[in-house]
Amino acid sequence: MADPYEVILLAAGSARRFHHPEKLNKVLMPLADRPVFDYSFRLFNKDTDCRKIWFVVNAVNQPLIQDYLIDLYKEMPEKIQWVIGGRERQDSVARALAQMTCTDQGKIMIHDAARPFVTRNLLIALLEAGKASPAVTLGIPAKDSMKIVRDKRVVRSLCRPEVWHIQTPQLFDSIVLKQAVDQAEQEHFYGNEETELVERAGYPVKVISGSDDNFKLTTAFDYQMARMLKES
């Protein structure tokens, strides 16, 4: 039996790399018959192990997202707890954590709403691995050679078999995540994602196999690929 958890669903990004001509947030883009964000939202909303969805949005998009939800579900889903996002991803997570009331023994999942292809099987695998680890993330091995580059010059090459592309969802013991985020804030450190903060705080992070399909819609090309997969 899986442990109950709460999820922080991140949808407040600026989508700077998406380059939409009308600067529309990528999570609001249509994908088949519904907006991008609803694919992951619906998964968490239907999951009986998920107790609350801390939906992190920006203030400008919140009314539109609320309208979408009313249209899709005929009423506002009960699991939703609204959070207005911060300047950076880490600030948004910190704002959600400040509002959460789950116990130190609870589990917190974090997911990018711009990853519409997450599946129930991936959630089950995370929750199972989380029984024996304070932090678990999905990932896939790198296929291409990876190099550290500064000013268009190679600084060093990385050992490809040891390099993984990290995905969400990620699962944490709540006390571990809160401590890691608090420590980063106190030290004015910003990471790329939350397992980096947990690793930095001295906790082990387990990586389990994700999926090539579980990609993040970062660029317009990603969106076109998602459309092909959903609408074919």
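**Entry 1: ground rules.** I note that this is a predicted model, in which local features need pLDDT of at least 70 and side-chain atom pairs count only at pLDDT 80 or more, while totals for chains, interfaces and linings use all residues. Residues are numbered from 1 along each chain as its sequence is written, and side-chain values use heavy atoms, with hydrogens and water left out.

**Entry 2: the sheet.** I looked up how the strands are arranged, taking helices (H or I, at least four residues) and strands (E, at least two) as DSSP runs numbered from the N terminus. Two strands pair if DSSP finds at least two bridges between them. I found an open sheet of 7 strands in the order 5-4-1-6-10-7-11, with mixed pairing. Strand 5 and strand 11 (206-209) are its edge strands, each pairing on one side only. On average, neighbouring strands of this sheet are turned by 25° against each other, direction ignored; axes here are lines fitted to C-alpha atoms, for helices over the stretch in contact, and angles run from 0 to 180 degrees between N-to-C directions.

**Entry 3: strand 4.** I then followed strand 4 (residues 50-57), which pairs in the parallel sense with strand 1 (residues 5-10) over 6 bridges and with strand 5 (residues 80-84), also in the parallel sense, over 5 bridges. As examples, Tyr 5 has Cys 50 as its bridge partner, and Phe 55 stands opposite Trp 82. Strand 4, helix 2 (residues 62-73) and strand 5 make a right-handed β-α-β unit, where right-handed means that, with the strands pointing away from the viewer, the path from the first strand over the helix to the second runs clockwise. Because 6 of its 8 residues are buried, strand 4 is largely enclosed by the rest of the structure; buried means under 20% relative accessible area, exposed over 50%, and partly exposed in between (1.4 Å probe, protein chains only).

Entry 4: Strand 6 (residues 107-112) and strand 10 pair in the antiparallel sense over 4 bridges, and Met 109 has Leu 171 as its bridge partner in strand 10. Helix 5 (residues 174-186) packs on the sheet, touching strand 6 and strand 10, and its direction makes about 115° with that of strand 10. Ile 166 lies in strand 10 (residues 164-173) and is partly exposed at a relative accessible area of 33%. Leaving out residues up to four places away in sequence, I found that Ile 166 touches Arg 115, Thr 137, Leu 138, Gly 139, Glu 193 and Val 207, a contact being heavy atoms within 4.5 Å.

**Entry 5: salt bridges.** I looked up 14 salt bridges in the structure, each being a side-chain nitrogen of Lys or Arg within 4 Å of a carboxyl oxygen of Asp or Glu. One of them joins Arg 34 and Asp 38 (3.0 Å, N to O), and both residues are buried. Asp 33, Arg 34, Asp 38 and Arg 42 are linked in a network of salt bridges. Another salt bridge joins Arg 120 and Asp 49 (3.5 Å, N to O). Arg 120 lies in helix 4 (residues 120-129) and Asp 49 in the loop between helix 1 (36-46) and strand 4, so the pair ties together parts that are 71 residues apart in sequence. Arg 120 is partly exposed at 32%, whereas Asp 49 is buried at 12%.
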